[in-house]
Every structure is written in C-alpha cells, then in structure tokens.
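Reader: I am new to this structure and would like to know what the words used for it rest on. Could you take me through them?
Author: Gladly; let us look at it together.

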Amino acid sequence: MSGQPDLNSPFLTSQDKDASQSALEQQSSGKKKWHQILWVRIAAVVVVLALLLGLGLGLGLKASNNSGSSSNSLSNSVSGPNVVFPNGTIWTGRGVNLGAWFIMNAIFGGFQNTAEFDFFKVVQARWDEATAYNLMNIYIDNAMTDKDFVFIKELGFNFVRLPIHFRNFQWTNGTWIRKPDGEIDFSRLDKAISMITSRGLYVSIDFHNWFGQDVLYERISKAEPWLPADLAAQCENDRAMAIEFLTKLTLHIKGRPGLFGLDMINEPVPSYDDTLTKVLHKAIRAADPDRMLIHYFATERPDPIVNNWTNVVYSFHVYNYPATIDGFKDALANKTAERWNAPYYLSEIQFAEYTDFPKALVAMQNANPVIPIWALWTYKAVHYNNWALVNYDDSFKVDLQVDSLEKIISTWKRLPELDLRNSMSPWGKTFVGGV
C-alpha cells in the first residue's frame, strides 16, 4: 500500500478527489488532508454503530432488570430448573388465566343451558355457523379490554395465560378462516397480545381446545400399536390437525416479543410412549427452533435430555387437593417428585375451597421457590364466586337456547362497563395490594 489516496474510492466526493489530486501535485501536506477526510467518514460510521449497539444494550437491560417490558422475549431462556433473562437473572412468574375469553367457556362466560365447550354446537344448531363466529367475535371484542390488563398489572401479576380454541381461527371442518387478502385471520390474537404486552405483561398462549376434542377427548393421544385401523387413522388425523394448527400459529408468532412460551396442548391424557408430546414438539421445533415450549404432563414426566428436548418447561395443574395449607404443599411435592433439570410451571391453580384466603395466598407465595412460575384459574367469570378474581352479576348471563340475538349482543357489549375493583370475589380481594 503506497499511502497515497485512491482517487477511485467510493468514500470520496468529486471535490475530495480534486482537492486530493491538487494536494498531491503541489505539496505533501495533501496526504494529511486526505487522511482527515477519510477519518471523518470512518468516525461517522463508528458513531452510528455505537448508537445502534447502545440501543441493543438498552433493550437487553430491560430484560435483565426483570421489568416485564413488552419489548422483551423470553425465548431461548431456559437454564436448568429456571426461566432466566439473558444475563442469568431468574424470572419468577406470577400469573392468572384468562379462562373466560377466547375459548368461549360456557361455565365462566355465563352461557346458560350450554355445556362447558358447547358454545359453537348450540349456536350453530339454533342459527348457523356464520352467526356462531360473529357472536364469538363480539364476545372476544368485549370480554377483555385494556383496563383489564391495567388492573391485572396493578394486582401484581406479571403475565397472563391465554387459552385459545382452534375455532377462533378455523371453521368447523378445520379449514382456516382467512382475511380478504388470503392470510389466516389471526387479527384478534394479535390485538390481544398487543394489549397484554403494552401493559408490561408477558403472555403464555395455551392451545386449550383442538380439532376432534368434542368427539372423543382422548383420541388425539391414543397411539397404541394394537389400535383398530379405523380408530388409529382418526387418531393420526387429530394429531395431524393439531400439528398444522400449531405450525401455522408458531410461524405467525415467531420472533414476537413479550411471549412466555407456547403451551402445546392443555391437559391431554397420557399418550403411548409420549407420542403426542413428541410429534407436537418436533413440528413446532421445525417451525421455530427458539420458542420456549411448555409440556403438560398429568403424572410422570420424561427426562428432557433423553428426548433431546431443549428450552422446555414442564407444566401441571393442581385441583381437588385437601383444603389445608399442608395439603396444598403436599400436592405440590407429589406433582414434582422427579424434579428433572427443567423449570416447573403450575399453570392452573385454584383456591376456591379454602376458607382462609390470606393463608392460601401465603402458601402460594411460599411455593415459589419450588414452583417459580404459577398461574391462577381464573381472572374473570359471570357470577362464579371464588373461582374467579372478578365476577359479573347475574344480569350478564345469557341463555343461548332462548335469548334473542339482540339480547345476547347487547349483553356482551355491556361487558366492558364492569367496575373491576368493586366486583372482586372474597378470594380476589386477598390479592389487593399485589401478589
């Protein structure tokens, strides 16, 4: 390298080239001038890179401060028995389920004369499929609003578990509901995630209701080699439908910040050789290698290392335990006896049977060292007492078999009017002041 300026350099303007040429011809000080010009440009590049690096570090600091900011993602953050931030700080999850929102749960939604998950069946039998989906969307648009997430944050929770139903996004036959441009219509899910994360809360998406569940609940799990051929084919089809659903969902939320894991499937019955968990895990991993996955097991959990499962959280539910503090703690101990080197997540817990709510709350807080992540069932319901933190009164109940469309719609459009703080159950009031 001669040390002389390259007059063909893209860093130099025509004026720079003229000045440099003149300097070279007239005096050696021209070298110094050219170097000054080049170094100015290098310095500018360095400043821009420093600004960009500073921005990246700033976003990283939000996560390491355990702020719960929506700009962060918990993907790729399982470390041994904990969920951690990028700097290794352990994340302690204090959550609540949104059991009366997307899944159209008749019990908690106050749908009279309707079995728990028969909303679509009842409405389609009385009217038609289009009406069922229109009603579902009206309900979803009104059952939870921004003020709910402000309130949830005020109570001290830092994430919510969002159960979803395959029929939120698919027609009865399993084909996708699409927008006019042909894209799958995830718009209400997108809006929900944005509302939640904008208030500094993480969200865990839970695949609660799958295709074929209403026909034979355990069919998706059955994989025994000795099954009759026709039943085996139906079981494979249910799994194939779930794989397609979860793959499309995973691709849609890939890289989205503010998500604490994907709960692959809610409360499946044990599957032969863990077939269901294995095929769902494999499919989601193919779509997104980084997404934290939540595996539910009612009883024994396999060693994740043996199955080559990484970035996995094990979840379980506790109901029907003895209504004592010691009974609750014993239930936790029994549920986590094997203690594999993975985080354990109590994704559904309910205290309705306790008469001493403050002690129950203390028990939950004391359980955190054992179960660093938990979510209460549930946040809101229509007159369901201590099964919910917040209750609507009976005027919000609807009879899907009798009431007119106008009455159902007008009732659901009143849902945002609820005074949340003054509608808390006795159980819910124990959470005032923060969890």
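Predicted model: local features only at pLDDT ≥ 70, side-chain atom pairs only at ≥ 80, totals over all residues.

Reader: Which strand is joined to S9 by five bridges?
Author: That is S10 (residues 344–349), which runs parallel to S9. Here Val318 stands opposite Ile349.

Reader: Why is S9 called largely enclosed?
Author: Buried means under 20% relative accessible area, with exposed over 50% and partly exposed in between (1.4 Å probe, protein chains only). Seven of the seven residues of S9 (residues 312–318) are buried, so the rest of the structure largely encloses this strand. One side carries Val312, Tyr314, Phe316 and Val318, the other Val313, Ser315 and His317, and all of these are buried. Across the protein's 435 residues, 51% count as buried.

Reader: What do the eight strands close into?
Author: They form a barrel in the order S3-S5-S6-S7-S8-S9-S10-S11, with parallel pairing. On average, neighbouring strands of this sheet are turned by 30° against each other, direction ignored. The whole protein has 13 helices and 14 strands.

Reader: How do you know that the buried residues of H4 line one face?
Author: In H4 (residues 119–126), Phe119, Phe120, Val122 and Val123 are buried. Seen down the helix axis, the buried residues fall within an arc of 165°, so they line one face of H4. The arc is that of the directions from the helix axis to the C-beta atoms. Their cover includes strand S4 (111–112), helix H5 (129–143), strand S5 (159–165) and helix H12 (405–412).

Reader: And why is H12 said to have its buried residues on one face?
Author: Ile408, Thr411 and Trp412 are buried in H12. Down the axis of H12, its buried residues fall within an arc of 95°, so they line one face. What covers them includes S4, H4, H5 and strand S14 (398–399).

Reader: Why are H4 and H5 called oblique to each other?
Author: Their axes come within 7 Å and cross at roughly 130°. Axes are lines fitted to C-alpha atoms, for helices over the stretch in contact, and angles run from 0 to 180 degrees between N-to-C directions. Angles under 35 degrees count as roughly parallel, over 145 as roughly antiparallel, 65 to 115 as roughly perpendicular and the rest as oblique. H4 and H5 are therefore oblique.

Reader: Which residues make the contact between H4 and H5?
Author: Contact means heavy atoms within 4.5 Å. Phe119, Phe120, Val123 and Gln124 of H4 meet Glu129, Thr131, Ala132, Tyr133, Leu135 and Met136 of H5.

Conventions
Residues numbered from 1 in each chain as written. Heavy atoms only, no water. Helix = DSSP H or I, 4+ residues; strand = E, 2+ residues; numbered from the N terminus. Pairing = 2+ DSSP bridges.
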